[in-house]
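Colleague: I have not worked with this structure before. Could you show it to me, so that we can go through it together?

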Amino acid sequence: MQAFAIEAMFIGAFATVALDIWQRVLKHATGIPPSNWAMAGRWFGHMPRGRFVHEVMADAEEIPNEQALGWSLH
């Protein structure tokens with residue numbers, strides 16, 4: 001079981017790095033902007049307050065350090 005957990009962590013880290021690189025390639029090739037991890041940080045930041053669903057995430061109250069929170073949880 002422990003070996004599986006270690007493999008899963010490495011696979012997850014590799015997939016995350018691959019996604020981030022792919023987003024940068026798409027941005028340079030097509031102009032499609034990469035993910036805005038501040039929105040993910042805002043969503044996670046509202047969870048301890050009991051709010052899990054938002055009509056429009058961009059309209060939700062900002063969370064201190066939401067960009068850093070989003071990147072670290074990503």
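Colleague: Where is asparagine 65 placed?
Modeller: Asparagine 65 lies in the loop between H2 and H3. Please keep in mind that this is a predicted model.

Colleague: What is the phi angle of asparagine 65 near?
Modeller: Its phi is near 60°, which is a positive value in a residue other than glycine.

Colleague: And is asparagine 65 buried or exposed?
Modeller: Asparagine 65 is exposed, because its relative accessible area is 63% and the cut-off for exposed is over 50%.

Colleague: Before we continue, what is the mean pLDDT of the protein chain?
Modeller: The mean is 93, and 100% of the residues reach 70 or more.

Colleague: Where in the protein chain is confidence lowest, and where is it highest?
Modeller: The lowest mean, 92, belongs to helix H3, which covers residues 66-73. The highest, 95, belongs to H2.

Colleague: Let us turn to charges. How many salt bridges does the structure hold?
Modeller: There are three salt bridges. In one of them, the side chain of arginine 42 meets that of glutamate 62, at 4.0 Å from N to O. This pair links distant parts of the chain, with arginine 42 in helix H2 and glutamate 62 in the loop between H2 and H3, 20 residues apart.

Colleague: Which of these counts as buried or exposed, starting with arginine 42?
Modeller: Arginine 42 is buried, since its relative accessible area is 5%. Glutamate 62, with a value of 58%, is exposed.

Colleague: What does the side chain of glutamate 66 meet in a salt bridge?
Modeller: Glutamate 66 pairs with arginine 42, at 2.7 Å from N to O. Here arginine 42 in helix H2 is linked to glutamate 66 in helix H3, 24 residues apart.

Colleague: Why does glutamate 66 count as buried?
Modeller: Its relative accessibility is 9%, and buried means under 20%.

Colleague: Which residues are linked in a network of salt bridges?
Modeller: The network consists of Arg42, Glu62 and Glu66.

Colleague: Which residue does glutamate 61 meet in a salt bridge?
Modeller: The partner of glutamate 61 is arginine 49, and the N to O distance is 4.0 Å. Both glutamate 61 and arginine 49 are in the loop between H2 and H3, twelve residues apart. Glutamate 61 counts as exposed, at 53% relative accessibility.

Colleague: A change of topic: where is histidine 46 found?
Modeller: Histidine 46 belongs to helix H2, which spans residues 37-46. Histidine 46 counts as buried because its relative accessibility is 6%.

Colleague: What is histidine 46 in contact with, leaving aside neighbours within four places in sequence?
Modeller: Its contacts are Arg51, His54, Met57, Ala60, Glu61 and Ile63. Glu61 was mentioned above as the salt-bridge partner of arginine 49.

Colleague: Finally, the surface. Which residues make the nonpolar surface patch?
Modeller: Val17, Ile21, Trp22 and Val25 make this patch, with an area of about 400 Å².

Colleague: Where is the place of isoleucine 21, and is isoleucine 21 buried or exposed?
Modeller: Isoleucine 21 sits in helix H1, which runs over residues 2-30. At 52% relative accessibility, isoleucine 21 counts as exposed.

Methods
Residues numbered from 1 in each chain as written. Predicted model: local features only at pLDDT ≥ 70, side-chain atom pairs only at ≥ 80, totals over all residues. Heavy atoms only, no water. Helix = DSSP H or I, 4+ residues; strand = E, 2+ residues; numbered from the N terminus. Buried < 20%, exposed > 50% of the residue type's maximum accessible area, 1.4 Å probe, protein only. Contact = heavy atoms within 4.5 Å. pLDDT = per-residue confidence, 0-100. Patch = residues over 30% accessible without salt bridge, like charges linked within 9 Å, V, L, I, M, F, W, Y side chains within 5 Å. Areas by Shrake-Rupley, 256 points an atom, 1.4 Å probe, with all protein chains shown as cover.
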